Amino acid sequence: MSEPTKETQKIEPVVVIKKRCKSCKDCVYVCPAGVLSMAVDVHSISGLMISVDYPESCIGCNLCENACPDIALFVADKSKYQFCKITKEAKERQAKILANDCLSLPKEGEKNEKA
Ligand code: SF4
Ligand code: SF4
């Protein structure tokens, strides 16, 4: 991945409209790069909410946007954001997220490391 320009740095690769999310997890299942997961959210009816945990790993495949039944996810236009290529680390993280029932993995340095 080449370094993003000042212009592309301002744009997020994936944007979520949380009030539309019904926590179905469909986007988490289809993401190949371990970008998305479900975070605990006491304000959500299900107790979970979509979370874009690793935006830097997004490859811009649009699978999440296409999978979301509630039009809650938007992937940046390729002309406006420089997406990276998928890495072995990203694939392994995705496998861990799925094995964790789509729940967010603890970040490095957090307690109760499961990853
Ligand atoms: S665009 Fe692809 S890689 Fe990026 S979050 Fe969506 S499914 Fe994952
Ligand atoms: S697919 Fe849409 S509604 Fe389902 S968890 Fe993802 S953002 Fe939420």
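Modeller: Helices here are DSSP runs of H or I with at least four residues, strands are DSSP runs of E with at least two, and both are numbered from the N terminus. This is a predicted model, in which local features need pLDDT of at least 70, side-chain atom pairs count only at pLDDT 80 or more, and totals for chains, interfaces and linings use all residues. Residues are numbered from 1 along each chain as its sequence is written, while chains are lettered from A and ligands numbered from 1 in the order in which they are written.

Colleague: Thanks! Where does Ile 11 sit in the chain?

Modeller: Ile 11 and Asp 77 are 66 residues apart in sequence, with their C-alpha atoms 9.6 Å apart. Beyond four places in sequence, Ile 11 is in contact (C-beta atoms, placed from the backbone, within 7 Å) with Ala 76, Lys 80 and Tyr 81. As for its place, Ile 11 belongs to the loop between helix 1 (6-9) and strand 1.

Colleague: How many helices and strands does the protein chain have?

Modeller: Read from the N terminus, the order of elements is α-β-α-β-β-α-β-α. The total is four helices and four strands.

Colleague: Is Val 30 buried, exposed or partly exposed?

Modeller: Val 30 is part of helix 2, and its contacts beyond four places in sequence are Leu 63, Cys 64 and Ala 67. A residue is buried if 20 or more other C-beta atoms, placed from the backbone, lie within 10 Å of its own, exposed if 12 or fewer, and partly exposed in between. Val 30 has 17 C-beta neighbours inside 10 Å, so this residue is partly exposed.

Colleague: Which residues of helix 4 are buried?

Modeller: Helix 4 covers residues 88-99, and its 17 Å from first to last C-alpha is close to the expected 16 Å, a span found as 1.5 Å times one less than its number of residues. Its buried residues pack against helix 2 (26-30) and strand 2 (36-40). They are Ala 90, Arg 93, Gln 94 and Ile 97.

Colleague: Within what arc do those buried residues of helix 4 fall?

Modeller: The face turned away from the buried side carries the exposed residues Lys 88, Glu 92, Ala 95 and Ala 99. The arc is that of the directions from the helix axis to the C-beta atoms. Because the buried residues of helix 4 line one face, they fall within an arc of 105 degrees.

Colleague: What is the phi of Asp 101?

Modeller: Most residues other than glycine have a negative phi. Asp 101 lies in the segment after helix 4 and is exposed, with 11 other C-beta atoms within 10 Å. Its phi is positive, near 60 degrees.

Colleague: Which residues come nearest to ligand 1?

Modeller: A residue is near a molecule if its C-beta atom, placed from the backbone, lies within 6 Å of it. The shell around ligand 1 has twelve nonpolar, two polar and no charged residues. Nonpolar means Ala, Val, Leu, Ile, Met, Phe, Trp, Tyr, Cys and Pro, charged means Asp, Glu, Lys and Arg, and the others, Gly among them, count as polar. Of the 14 residues there, those coming nearest are Cys 31, Val 35, Cys 58, Cys 61 and Cys 64.

Colleague: And which are the closest to ligand 2?

Modeller: The shell around ligand 2 divides into nine nonpolar, one polar and four charged residues. Among the 14 residues that surround ligand 2, the closest are Cys 21, Cys 24, Cys 27, Cys 68 and Ala 72.

Key. Contact = placed C-beta atoms within 7 Å.
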